[in-house]
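Subject: Structure handover

Hello,

Here is the structure you will be working with. Please open it and keep it beside this email as you read.

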Amino acid sequence: MLAGATAVWFLFDVAEYNFVTLLCHAALLGMLLLFLWSVTAPLFDRAPPRVPEVIVSEHAFREAAMAVHRKLERSVAVLYDIACGKDLKKFLSVIGSLWVVAVIGDNCSFTTLVYVGFLCALTLPVLYERYGTEVDHLVAKGGEDLKKFYRKVDANVLDKIPRGPVKSKRAHFH
């Protein structure tokens, strides 16, 4: 799988082969092979090619569309909740993550990003099995460092943002 992913990445990113061109060449090759097979089959007393009919039921198509719709709706709802600023820590982490992804995306092509993601999906689980305790220790230390940094930003920056007048609440007893 890794060799196939590397070949696809090389084809699209390094050799700058276009995906649409690849699809057209594959369809052209398939049609040419079927044509040659159907023309030469009678010469060799063979049956012409039988291409199976592919039918996608309307029910299966609707189910797939509904699944995509549900995922999209859930994603938009989560992004809306984060964007409303109810959880400042999550909001800042999402903004930071989106900024990092934008910077990476500006410097890498889409196929390189997909290839690196595929590479990580294949290699990181194996590396984690081997070095799991060390990784857990580093992640815990990094999490503590991020919490310290957040507390520092909160104390030095966020707490100094002026807020409107605070109305005192009176207890009403009836």
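The largest pocket is lined by Lys89, Leu92, Ser93, Gly143, Leu146, Lys147, Phe149, Tyr150 and Val153. This is a predicted model: local features need pLDDT of at least 70, side-chain atom pairs count only at pLDDT 80 or more, and totals for chains, interfaces and linings use all residues. Residues are numbered from 1 along each chain as its sequence is written, and side-chain values use heavy atoms, with hydrogens and water left out.

Back to the pocket. On a 1 Å grid over the protein atoms alone, a pocket is an open set of points where a 1.4 Å probe fits, with protein on both sides within 12 Å along at least five of seven lines; lining residues have an atom within 4 Å of a point. The volume of the largest pocket is about 220 Å³. That is the space filled by probe spheres set on the points, with grid points joined across faces, edges and corners. Two elements, α4 (88-107) and α5, each give two or more residues to the lining. Helices are DSSP runs (H or I, at least four residues), numbered from the N terminus. Which helix gives the largest share of the lining? α5 does, with six residues. By class, the lining has five nonpolar, two polar and two charged residues. Here Ala, Val, Leu, Ile, Met, Phe, Trp, Tyr, Cys and Pro count as nonpolar, Asp, Glu, Lys and Arg as charged, and the others, Gly among them, as polar.

Take Val153 from that lining. Valine 153 sits in helix α5. Its relative accessible area is 26%, so it counts as partly exposed (buried is under 20%, exposed over 50%, partly exposed in between; 1.4 Å probe, protein chains only). Valine 153 and valine 78 are 75 residues apart in sequence, and their C-alpha atoms are 25 Å apart in space.

Now look at α5 as a whole. Helix α5 (residues 110-156) has 47 residues. Where does α5 bend? The bend is at tyrosine 131, by about 90 degrees. This is the angle between axes fitted to the seven residues ending there and the seven starting there. Thr112, Tyr115 and Gly132 are buried in α5. The buried residues of α5 pack against α1 (2-14).

Helix α1 holds aspartate 13. Is aspartate 13 buried or partly exposed? It is partly exposed, at 23% relative accessible area. Leaving aside neighbours within four places in sequence, aspartate 13 is in contact (heavy atoms within 4.5 Å) with Ser109, Thr111 and Thr112. Aspartate 13 and arginine 46 are 33 residues apart along the chain, with 42 Å between their C-alpha atoms.

Aspartate 45 lies in the loop between α2 (19-40) and α3. Most residues other than glycine have a negative phi. Aspartate 45 is not a glycine, yet its phi is positive, at about 50 degrees. Aspartate 45 is exposed, with a relative accessible area of 75%.

Finally, isoleucine 95 is in helix α4. Isoleucine 95 is partly exposed, at 42% relative accessibility.

Best wishes

Key. Expected span 1.5 Å × (residues − 1).
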